[in-house]
Amino acid sequence: MSNRFSALRTLPDPGPVAPPAPVPDPAATAAPGPVSKPSPADSQKAKPVKAAEPEPARSPVEIKGGTSASMMDVRAKIHHKLIEDLNLIALDRLSRKEVMDEVRDYVGEYAKQERLALNVAETDDLVENIVDEMMGLGPLEPLLADPTISDILINGHENCFVERSGVLQPIKIPFKDEAHLLRIVNKIVSAVGRRIDESYPTCDARMSDGSRFNAAIRPIAIDGPLVSIRKFSKKPLGLNKLVDFGALTEPMADVLSAAVNARITTLISGGTGTGKTTMLNALSAFISHTERLITIEDAAELQLQQPHVGRMETRPPNVEGNGEIKQRDLVKNALRMRPDRVILGEVRGEEAFDMLQAMNTGHEGSMATIHANNPRDAIARLEQMLGMTGMPMTVSSIRSQIASAIGMIVQLTRLSDGQRKITSIAEITGIEGDILQMQEIFRYQRDHMDADGKIHGHFTATGIRPRFLEELVAMGVDLPGEYFDPSRSL
């Protein structure tokens, strides 16, 4: 084993500084004889890392490539022993490849000492796990690297789930204990300049790969840390991919892309996990590259492809409770930054008033997402948010602001079988009296559920032609009339 790796060995926790232990006489240690019981004074002296009680000879433990409980137990034992013996602070001076080479040597030495039969593939897998723990996020690294996983949900260190193809599945993540999980949470939070502790036990942040991270710890998390990680594709999905996945049809995609390009202000509505951010990313691809965009989010996760994008993110208060920057503050500031469009990752509070003001004052084509179950509920939620501002506004004036600001609402739904669909595209046409007028252009109609629980349905046009078609024609975009024919299949 190389001399450089000796720096990675962890010394025992010294506590109060004690004088070094005397070097034993080699002759004395080599001579056989009864082992004397150490005195209390001797127990205070530092002990070598490699010191261990002699054990009787054992037969080699054969570890095969399966996932049996015995194999997992042996691997966990080796993993925990290495973590205890390595000095993580010394790793800052080494690259990942250097650390892997040295850890591989250490694993080989440990396997010989413990008489463990490890083949090359098993050794490489174990080394990868150790290095992930020291330099990455430990047991979460394989899940983050798995492209089939879209969500990682942790309800305490022993109760974990992942989402694959829209369906939740239980999974065993080898956390050693609650403290192990909490260390990983703190590593993620500190990397983005935020904090989580008993006085501020929640955190919403983005990870280095763009994934959305949320955590809650004790005392509000009763059974241990609650962690949710929403992964995003390395390459943003376009509308064509969403058409291939069956989230919408090609005529619907043509209408949406033309509306965005024509600067029709769009509100994307849906529940949790329905794909609102994905849809916002996909629609933003049809914004002209000559426009200046300002994005405002709680945790930056939008992946816009335009060259002229300014990104802003909210900030929580510091330890003293000062320095908080809310979305409303950022919206006000964004209006002074000469944006062509303002894009809000999610509107959920008093910033709705300033967002509507921006949409009504020369920033047409702006976009935002909102949590709601249908387009009508989205409008009702906006009305409630405007009431949160404390401004003396009547219901009629609130609805008038909404009707003049928003042109189209796209509703997304995640079905019970995990499919994500655009279930409605509606246009706001104005206001009559105190009633906001809205007409549905496309909808998704559920037909039946088969024996496997898969929902079958179809998209259909309502027969209503949107009013913004006139604006599209003025821009040279002429959509076929058959797109809006309810008798034709989309």
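Let me start at R446, which stands opposite G457 in strand β17, and please keep in mind throughout that what we are looking at is a predicted model. The two strands involved here are β16, residues 435-449, and β17, residues 455-461, and they pair in the antiparallel sense over seven bridges. Together β16 and β17 form a hairpin with five residues between them, and in that turn G453 has a positive phi of about 85°.

Now let me step back to the whole protein chain, which contains 15 helices and 17 strands. Of its 490 residues, 43% count as buried, and its accessible surface comes to about 25,700 Å², of which 53% belongs to carbon and sulfur atoms.

Next, the open sheet. It has six strands in the order β5-β4-β3-β8-β7-β6, with antiparallel pairing. The edge strands are β5, residues 167-171, and β6, residues 202-206, each of which pairs on one side only, and the twist from one strand to the next averages 15°. Within this sheet, β3 (residues 149-155) and β4 (residues 160-164) pair over five bridges in the antiparallel sense, and here I154 stands opposite C160 in β4. Helix α7, residues 178-191, packs on the sheet, where it touches β3, β6, β7 and β8, and its direction makes about 130° with that of β7.

In the loop between β7 and β8 we find P219, and the peptide bond that joins R218 to P219 is cis, with omega about 15°. To put that in context, most residues other than glycine have a negative phi, and most peptide bonds are trans. R263, in the loop between α9 and β9, has a positive phi of about 65° although it is not a glycine, and at 25% relative accessibility R263 counts as partly exposed. R338, in the loop between α11 and β12, also has a positive phi, near 55°, and with 57% relative accessibility R338 counts as exposed.

Helix α10, residues 276-284, is mostly covered, since eight of its nine residues are buried. Among the buried ones are M279, L280, A282 and L283, but also K276 and N281.

Finally, let us look at T274, which lies in the loop between β9 and α10. Is T274 buried or exposed? Its relative accessible area is 5%, and because buried means under 20%, T274 counts as buried. The side chain of T274 reaches the backbone oxygen of G271 at 2.8 Å. Leaving aside neighbours within four places in sequence, T274 is in contact with L412, T413, R414 and R420.

Methods: Residues numbered from 1 in each chain as written. Predicted model: local features only at pLDDT ≥ 70, side-chain atom pairs only at ≥ 80, totals over all residues. Heavy atoms only, no water. Buried < 20%, exposed > 50% of the residue type's maximum accessible area, 1.4 Å probe, protein only. Helix = DSSP H or I, 4+ residues; strand = E, 2+ residues; numbered from the N terminus. Polar contact = N/O pair within 3.5 Å; in protein donor to acceptor, adjacent residues only side chain to side chain. Contact = heavy atoms within 4.5 Å. Areas by Shrake-Rupley, 256 points an atom, 1.4 Å probe, with all protein chains shown as cover. Pairing = 2+ DSSP bridges. Axes fitted to C-alpha atoms, helices over the stretch in contact; angles between N-to-C directions.
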